[in-house]
Structure formats: structure tokens, C-alpha cells
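Biologist: Please walk me through how to read a model like this one. Keep it short.

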There are 2 protein chains.
Amino acid sequence: MLAWLRSYRRALLPGDVSAGIVVAMMMIPQGMAYALVAGLPPVTGIYASILPPLVYALFGTSMTQSVGPMAIVSLMTAAIVGQMAPAGSALYSVLAAQLALVAGAMLLLCGVLRLGFLANFFSRPVMSGFTVGSALVIAFGQLKPLLGADLPHWHGPSAALGLGALLLLVLSRSHLAPLLRACGMRQGAADIAARLAPMLVVLLGLLLVQVLGLEALGVKTTGQVPTGLPQLNLATSPGHWQQLLQPGMLVGFVVFLISMSAAQSLALKRNEKLASNRELVGLGAANVASMVSGAFPVTGSMSRSAVNFAAGAQTPLASVITAGLLAVALVAPTGWLALLPMPVLAATIIVAVLGMLELDTLRTAWRYDRGDALAWLVTGAGVVVLGVEAGVLVGVALSMGTLIWRASRPHIAVLGRIAGSEHFRNIERYPAETRPELLVLRIDANLFFGNVEAVQQRIEDELRTHPTARNLVLAMSSVSSIDTTALFGLGELNASLARRNIGLHLAEVKGPVMDRLRDSDLPQRLNGQIFLSTAIACDTLAG
Amino acid sequence: MLAWLRSYRRALLPGDVSAGIVVAMMMIPQGMAYALVAGLPPVTGIYASILPPLVYALFGTSMTQSVGPMAIVSLMTAAIVGQMAPAGSALYSVLAAQLALVAGAMLLLCGVLRLGFLANFFSRPVMSGFTVGSALVIAFGQLKPLLGADLPHWHGPSAALGLGALLLLVLSRSHLAPLLRACGMRQGAADIAARLAPMLVVLLGLLLVQVLGLEALGVKTTGQVPTGLPQLNLATSPGHWQQLLQPGMLVGFVVFLISMSAAQSLALKRNEKLASNRELVGLGAANVASMVSGAFPVTGSMSRSAVNFAAGAQTPLASVITAGLLAVALVAPTGWLALLPMPVLAATIIVAVLGMLELDTLRTAWRYDRGDALAWLVTGAGVVVLGVEAGVLVGVALSMGTLIWRASRPHIAVLGRIAGSEHFRNIERYPAETRPELLVLRIDANLFFGNVEAVQQRIEDELRTHPTARNLVLAMSSVSSIDTTALFGLGELNASLARRNIGLHLAEVKGPVMDRLRDSDLPQRLNGQIFLSTAIACDTLAG
């Protein structure tokens with residue numbers, strides 16, 4: 001814990017300070033916008049950006065992760081809490097905070113149980129489809145505040161403000177950095193300054209609303225913000241806690257997947273090491289801290305963490321500085337926060353989630369593995385059609401289904417001897433010689449419950465097409481593990497072959513696999529022998 | 001469809017006829033008992049044993065599977081329907097039939113979508129723990145009808161009858177077959193005749209109740225049985241259908257897992273081939289037929305199918321004969337069915353499920369793989385503590401969790417050259433030579449989303465302990481597939497190594513894997529070369 005602080009060197013400070021300031025300026029509009037996505041008062045987005053990153057800095061292992069509000073997790077919060085309480089009610093806020101507590105407690109428990117390996121539960125295509133589907137749902141949900149009315153209607157002044165802000169933000173995404181470079185700014189600085197456009201557009205919108213008196217024309221603003229620090233309130237019924245249990249677990253799962261995928265891609269860039277079990281603890285504690293702040297579930301955000309990284313963050317001190325600046329912003333006069341125009345905030349949300357519409361994974365998968373591309377499309381469609389909660393379950397089912405499906409089609413090669421050598425190769429790819437009384441199969445997969453049935457079937461199929469075989473040699477060079485189910489499967493195969501007087505022999509069993517097999521009675525019961533190599537097996541069985 | 005009928009030979013008939021008769025005599029007490037487990041009138045168990053096996057014979061692929069009521073599926077039915085309607089009500093019966101329809105429709109849909117590979121979703125330890133846990137729950141639930149009152153009380157005459165039947169059944173299990181053999185019966189015939197003990201004990205109980213007038217003393221009997229064929233009644237509200245959707249899917253899943261595990265173990269004994277997608281259709285249609293019969297969810301039963309097999313069943317004609325005999329029993333006078341004593345039926349249930357208390361899997365797993373043993377124990381405890389529905393979910397989570405956990409610890413070996421040879425081996429197991437500027441790693445697992453992160457981490461770890469390495473060779477001899485997620489992972493690794501001027505080379509890439517990689521841009525982007533063998537890679541990189 002805090003290893004980064006003990007070994008802190010002064011040289012790291014400039015990077016951390018500048019990243020801390022940049023992320024704080026990015027966090028103010030983003031935090032408020034994502035609070036709106038969660039169906040909560042904008043200021044709770046700021047609350048969610050102070051304690052949680054501080055707590056994460058204590059327990060987490062990523063050097064550049066920025067923990068706080070995040071679009072998809074906010075969408076899930078709205079979907080879950082919206083079923084339990086009317087939007088805008090006091091109960092709604094309380095339940096959102098409770099949801100953070102349930103998710104956080106679940107993450108802490110998983111961390112204690114060392115379940116960090118679950119970070120690999122989603123395939124990349126499934127994660128990508130889930131992200132794109134969620135981005136579409138979020139963007140679509142912001143059309144009403146952007147235009148000031150339900151489609152196909154719009155409220156003129158609101159729509160003008162919202163669409164104007166949208167245009168400015170889109171243009172600044174593509175043109176602001178080159179423009180700043182043309183004005184003589186260094187490339188890195190220009191790129192980072194361009195990321196502050198949302199803050200400027202929001203302030204510009206605020207000025208316009210005040211100067212032109214747009215509020216009187218019906219443009220909605222964020223409304224009164226309580227000053228000072230948030231209040232903790234958890235007085236709900238036990239029924240509410242029970243109702244939050246299952247969705248809270250789902251939120252915790254998504255929090256972990258999103259945060260790990262952001263942290264891993266940044267850690268790889270600097271060859272840093274993450275400890276996934278400590279990440280669970282860090283994220284869990286951050287969500288508990290978010291509950292204490294009266295906020296809502298938080299996670300590490302890829303877009304914000306990338307800015308933190310690019311702005312020079314070297315350690316979690318950058319996040320500490322961000323949190324400090326936001327705390328100062330909260331205790332300073334916050335009256336202006338009440339005047340932010342909703343259409344402009346909606347525009348910042350839409351532009352932020354447009355950045356999540358990444359189609360590269362789909363394109364690559366389409367060329368490389370049509371099944372993975374299908375998983376992408378089904379997950380994305382699942383989120384859009386069934387909602388974000390069901391979308392997670394669709395993603396889990398598809399990831400696991402793909403796994404079992406691939407496992408159920410193990411590659412098994414019939415081997416023959418390359419004439420005059422000790423080499424055995426796949427007879428479909430090499431001119432290798434076979435003998436009618438001997439069948440040699442190489443199993444190209446680890447044996448486990450997902451494929452042992454298919455392996456048995458394939459072996460029986462091969463024996464049917466080689467009816468003269470009296471001995472079967474399984475070349476185990478590609479088998480690195482055999483689980484209990486597969487051990488039983490091999491035992492059944494052995495018994496079945498023994499009834500037909502066919503010998504079952506193993507060859508090239510790897511050291512660790514052989515060590516394990518000795519703990520079972522398979523070697524004793526084997527209706528054949530275990531050979532060091534396929535060549536020795538064939539020579540012995542021919543002799 | 002009906003391939004077995006088209007190629008039917010007369011020589012198969014004697015086996016099918018005798019098996020059909022034996023299973024019918026086994027089915028009458030068993031069907032009624034499992035209907036009681038499901039919380040339904042005993043006669044529905046007979047209904048569930050006529051149409052469903054006939055329909056399965058049309059669509060299924062197993063030659064010896066006996067489809068009908070089964071203990072665990074009946075337990076699930078009671079758990080699900082018991083939450084929605086009072087036991088004994090007309091609604092209860094209707095909902096049980098609807099549950100069969102939902103499960104059947106789900107199975108048919110999965111069959112059409114060719115999802116038969118899902119039969120491998122449970123590891124054997126998880127399936128075994130689930131079965132044993134369910135058997136304990138069922139047996140415990142029968143203590144009340146066995147003793148005629150809630151523990152610790154009992155009703156004298158009922159308890160005497162029930163415990164007497166239990167003793168007789170237990171003794172007949174162990175001693176009846178040897179006794180019959182001692183009386184000169186052939187071993188096979190004796191074994192099968194012994195399986196009819198429950199039928200005899202039930203009839204004996206019926207006689208006793210009548211002769212001694214036990215009903216007047218308070219011994220409960222099964223009660224009035226409607227004569228003739230069952231009536232179809234599905235008039236419930238849409239809300240009921242919706243409520244049954246999720247549990248129905250769970251029941252369908254369990255129906256498929258149980259039936260496939262029975263069918264597979266029998267098919268293996270005769271080297272028959274099952275088509276899992278057609279099994280889905282057969283089981284789905286059988287459950288729809290069970291709904292039409294006014295019954296409840298059905299599946300293939302291991303214990304009954306084993307008797308069918310042992311009694312000589314050669315084709316599904318045996319099941320057709322069984323169904324015909326049961327239909328005859330139903331249209332014959334059925335008044336006697338109303339007089340069966342409940343304590344005796346409870347005894348048959350307890351003895352039947354005691355046969356499911358199989359601890360061999362746990363014992364083997366405990367010696368061979370402690371993690372699998374733990375999965376057994378947690379699943380079994382999950383069923384007992386949380387109930388059978390939650391137990392299925394615990395089983396899914398554990399099977400999938402084990403899979404991801406194992407995948408997250410791939411075996412990777414540092415290779416060295418055996419002096420003076422072209423062979424490269426694990427330096428931990430062989431005296432092999434390495435060179436400081438070259439790191440050779442063999443990846444012993446197929447690369448996919450579950451392990452690519454761990455592989456990246458291991459490679460980075462090895463590079464940290466070999467800081468002088470300028471070239472990294474990945475020996476891919478054990479890698480039979482690379483999914484889209486792993487393809488991205490290799491691309492990231494390549495970019496990361498390129499930034500540090502470390503060459504990334506692949507060697508011994510299998511033919512099918514190389515074919516697939518050519519569909520991606522990895523070969524072009526690779527910061528190194530692809531070599532045929534590790535030896536060529538090392539010679540080239542040294543030169």
C-alpha cells in the first residue's frame with residue numbers, strides 16, 4: 001500500500017501536478033454530465049470524484065487510473081434505480097448511493113477471495129459490443145435534454161444552444177489540437193489543451209444563458225446546488241437492500257471489467273504491473289467511499305485515464321491533486337453550478353460517448369473470426385434492445401458460450417511417420433506413412449470437461465474409419481492439463497477399448513501432466529503403456 | 001428420424017419386448033413417486049410416462065434412453081411451482097404443465113439454433129455435487145410422508161409401514177439378486193428381477209393397508225385417481241407465463257444436462273453415436289408432449305435407462321412398448337391406484353435417491369484435483385442450503401469460474417537447446433543451454449480471451465528477469481488456436497516490444513493457426529520473423 005508514495009521522487013512532481021490540474025478541469029463537466037446520465041443532481045458527479053479516487057490511490061495498483069463517474073456505469077445506475085424509485089426523489093439518491101455500497105462490498109469480497117482472474121471473463125469483441133451498444137443508448141437518451149423536448153418536437157432556444165455546443169465540441173475534437181499547434185503550441189500540450197474544450201464550451205453556454213436571459217425563454221439549467229459537503233443518508237427498508245443485491249453484483253462486475261480493461265491497456269504502455277486482486281480492493285473501497293459521499297457507483301474511466309496518462313501522470317498523486325482541486329471547487333461559492341444549461345451538458349455527454357463508438361474490433365473480428373464478430377453484434381444489439389443490465393448477461397452468456405463451443409471442437413490429428421525419420425506429422429498436411437494395425441492421434445487441446453466428450457467421440461469416429469487398428473496411441477505433446485472430468489473420460493475410453501481388445505497407449509506426456517496422473521489410478525488401469533515418444537511407441541508396438 | 005425403425009430386424013425384438021415390460025413395471029411406482037416429489041397427484045407421473053417417451057422415440061438419437069419423470073427435475077418443479085400456487089390446487093397442476101411447455105420450447109429452440117455443445121457446460125464434479133445435494137434434499141423431504149408426521153413426531157402405523165418398506169427395499173437392493181441366483185436364476189435375469197422389488201413392495205403395502213384396515217388408523221393413501229386420459233388445461237394469466245420464463249429455461253438446461261450425461265455413458269458402452277442437437281429436439285418435444293398430457297417436466301433418467309439397457313433394449317421400441325403397457329394400465333380399472341399407501345411410496349423415493357449418493361467422483365477429485373473437489377462440495381452445499389434452483393446457478397458459476405481460473409494460469413516454459421542437438425526443452429526439467437541475448441518461451445495453451453492477459457504478464461515477467469534479451473522467440477507448438485482477443489493481445493505485445501527494440505519472433509506455428517493469422521495484419525506488423533522451427537529461429541538470430 002502506498003509503495004508509490006514511499007519511493008516518490010521530486011522529478012515525478014511536475015507531471016503529476018499538470019495531469020492533476022488537467023483531469024480536474026475535465027472532471028467538472030464530465031462528472032456533472034455522468035451524474036445526469038445516472039438520473040441524479042449534477043453535483044453528485046463532483047462528490048463521486050473526490051473521495052473515491054483518494055481511496056483508490058490508497059489501495060489500487062494502477063499508476064494512472066482515474067476513478068470516478070463513468071458513462072456506462074451511470075447508465076446501469078439509472079436503469080436499476082429507475083425501477084425502484086421516481087427520478088428526482090430523495091429515495092432515488094439514497095438508492096443510488098446504496099447501489100454503490102453493494103457493488104463496493106461485492107468487489108471487496110471478491111478481492112479478499114482473490115477472484116481477480118474474473119477480469120478475463122469477457123472476450124474483447126463482447127466488451128467492445130457492450131461498450132458501443134451502451135454508448136448508443138446513452139447518446140439516444142440525451143436527445144431530449146439536447147433539444148429541450150421529446151422527439152420529433154424541439155424547443156427552439158434549447159435546441160439552438162445544444163446543437164451549437166455539439167457542433168463546437170465535434171469541431172474542437174478534430175480541429176482544435178492542429179489549430180493550437182499551428183499557433184505554436186507543442187504537440188503534447190496542444191492535444192491536452194484540446195481535451196479541455198468541454199469545460200470551455202460549458203462555461204460559454206453558462207455565459208450565453210445569463211447574458212441572453214435564455215432561462216426566461218424556457219432553457220433548463222441544472223438548478224440549485226447544495227453548498228458544502230454531501231450528507232450521508234441510508235435510511236431505507238431492508239426490502240430495498242435485498243432488491244439491490246443482484247443488480248449490485250452486476251454493477252460491481254461491470255465496474256471491475258471496465259476498470260481493468262482501461263488499466264491493463266495503460267499498464268502495458270509503460271510495462272507496469274497490475275495486481276488484479278488489489279484492483280478489486282481498490283475499486284471496492286472507492287465505491288464504498290462513493291456511498292459515503294452520497295454519490296453513485298464509480299469506476300476507472302478509459303478516456304479520463306488516457307488523458308491523465310498523456311498529461312504526464314506518473315503516480316496516483318495526480319488523482320490526489322485532482323480530488324483536492326475538486327474539493328476546493330465545492331467549498332468555494334458554487335452558485336454558478338446551478339446555472340449550467342442542460343442542452344450544453346447533453347452535448348458534452350453525446351460527444352464523450354461518441355468516442356466510445358469504436359468499430360475497429362468489429363472490423364478485425366469480421367475478417368479474422370466471424371463467430372467473434374457475431375458475438376460483438378449480438379451483445380451490442382442486446383444492450384440496445386434489452387437494456388444495459390440484460391446486455392451484461394448476454395455478454396457473459398456469449399463469452400462463456402463461445403468458450404464451450406470452441407472447446408467442443410478440439411483439433412485432433414491423425415499422425416503418420418515421415419519415412420525414414422523419427423518424426424510423426426499430421427497425415428493431412430505431410431506425406432506421412434501409417435500402418436493399418438496402429439492408429440496414432442495427436443490431441444491438440446488441454447483436456448477438460450468442455451471437450452472430453454468431443455474427444456471421445458472423435459476417437460470413436462477415427463476407430464470406425466480404421467477398423468483394423470489393434471492399438472491406439474494418443475500423442476499428448478499438446479496436452480498441458482487434464483481435469484477430473486477428463487480423467488474419468490480417459491478411464492471410460494480405456495474400459496471401452498479394453499472390451500474390444502484395443503490397446504490404449506499414451507506418448508509424449510508432459511512432465512506436469514504425468515506428475516498429476518500419478519495421483520490417479522489411470523496409469524495402473526491403463527490397457528496399454530505410457531511411452532516417452534511416439535516413435536518409441538510405434539517401434540515397440542510393431543515389434 | 002426413425003432410422004432405427006427402418007432398419008429394424010426381427011432379432012432385436014426379444015430384447016426390446018423384455019426391456020419394455022421390465023421398465024413399465026419399474027415405471028409405475030417410480031412415476032407415481034416422482035409425481036409426489038413434484039407436489040402433484042401420483043397419476044400424473046403415469047401420464048408423464050406415456051406420450052413423452054413416444055415422442056422422444058421419434059426425434060431422439062439414444063437407443064436406450066428412458067424419458068419420463070426424474071427425481072431432480074421433479075424437485076425443481078416443486079421448488080418453482082410451489083412459489084406460485086398452493087400445493088394441491090388446480091393452478092398448481094396447470095403451472096407444472098406450463099413449466100414443461102416453457103422448458104420444452106426452450107430446448108426445441110436450442111436444438112434449432114444447434115446449441116447442443118452446451119451439454120458440456122457442467123464439469124463432472126459439479127454435476128456430481130449437484131446430484132448428491134439434490135438427492136439429500138429429496139430424501140429429507142420424504143421423511144414426513146414416510147413417518148406420517150413432522151419430525152420429531154411420528155404416526156405409529158404410518159411409520160411402521162414406511163420403515164418396514166424401507167427395510168425391505170434396502171435389503172432387496174443388496175440381497176435379492178444373489179438370492180434369486182442362488183435359486184437358480186441366471187445372473188442377468190436375477191439382476192433385472194431385483195429391480196422390480198419396488199413394484200412388489202408397493203403392492204404388498206397396498207394389500208396390508210386393505211387387509212389390516214390401516215386407512216382407518218390414519219395411514220394416508222394416494223387418493224382418488226381420475227380414469228381415462230388426462231385433460232389439457234392451460235387457462236392461466238400472461239403474468240404466469242412471464243414468471244415461468246426464467247425458471248423454465250433453468251429446468252430445460254437441467255433436463256438436457258441430466259439426460260445427456262445418462263445417454264452419453266450408455267452410448268459409450270455400445271459405441272453408439274449421439275447427436276446432441278437432435279437430443280435437444282427430442283427432449284424438447286417430449287416436454288411439450290408432457291404438457292399436452294397434463295403432466296410436468298420430464299427427462300432421461302440414468303437409473304431407469306440403465307435398467308432398460310441391462311434388460312436388453314436394443315432400440316427405442318422398448319420405450320414404445322413401455323408406454324403402451326402404461327396406457328393400457330391407465331384405461332384399465334385404476335381404482336386400486338387410489339389405495340397406495342403414502343409411507344411406502346416415500347420409502348421407494350428414498351431408496352431410489354440413495355442410489356444417487358455417489359461419492360466416487362468426490363473421492364477421485366480429492367486425490368487428483370483439490371479445486372474440483374471443492375467445486376463438488378460447494379455445489380452440493382449450495383443445493384442443500386440455497387435450494388435446487390440456486391444450486392444450478394452455483395454450478396454454472398463454479399464450472400465457468402474454474403475454466404477461467406485455470407485459463408488464467410497458462411503454463412509457459414523457458415526453453416534452452418539440448419547441447420549439440422536441434423531439440424529445445426524446458427530448462428527447469430532438462431539441462432538445456434540458453435543465450436543471454438535470446439529468450440525462447442513455449443506457450444502451452446491455446447490463446448484466447450481468458451488467458452491472453454496472463455500470457456502477456458508472464459512474458460513481461462520473463463523479460464524483466466532476462467534484461468539482456470534483444471530477441472524473444474515464442475514457440476507455438478502447443479498453440480492450436482488464437483481468438484480475436486488474443487490476436488489483439490499479440491498486436492499490443494508486438495507494439496510494446498517494438499518500442500523497446502526487442503524483436504518478437506514466432507516459431508513452429510501450426511498450419512491451421514498460420515492459415516488464420518494470414519487473415520489478420522499481424523504477420524505484416526510483426527517486429528520480427530516467423531520461423532519454421534525453434535532451431536532455425538535461434539540459428540538465424542545468432543548469425
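Biologist: Where is the place of A:L386?

Modeller: First, the ground rules. This is a predicted model: local features need pLDDT of at least 70, side-chain atom pairs count only at pLDDT 80 or more, and totals for chains, interfaces and linings use all residues. Residues are numbered from 1 along each chain as its sequence is written, chains are lettered from A and ligands numbered from 1 in the order in which they are written, and side-chain values use heavy atoms, with hydrogens and water left out. Helices are DSSP runs (H or I, at least four residues), numbered from the N terminus. A:L386 sits in helix α18 of chain A.

Biologist: Is A:L386 buried or exposed, and why?

Modeller: Buried means under 20% relative accessible area, exposed over 50%, partly exposed in between (1.4 Å probe, protein chains only). A:L386 counts as exposed because its relative accessibility is 56%.

Biologist: How is the size of an interface often given?

Modeller: As the accessible area lost when the parts come together. The count here uses a 1.4 Å probe and is summed over both parts. Chain A and chain B bury about 6000 Å², with 56% of it on carbon and sulfur atoms. On the chain A side, A:L268, A:Y368 and A:F449 lose the most area to chain B, together 14% of what that side buries.

Biologist: How many salt bridges are found across the interface of chain A and chain B?

Modeller: A salt bridge is a side-chain nitrogen of Lys or Arg within 4 Å of a carboxyl oxygen of Asp or Glu. The rule finds eleven across this interface. A:R429 and B:D515 form a salt bridge through their side chains, at 3.2 Å, N to O.

Biologist: What are the ipTM and pTM scores?

Modeller: The model has ipTM 0.84 and pTM 0.84.

How values were computed: Helix = DSSP H or I, 4+ residues; strand = E, 2+ residues; numbered from the N terminus. Buried area = accessible area lost by both parts, 1.4 Å probe.
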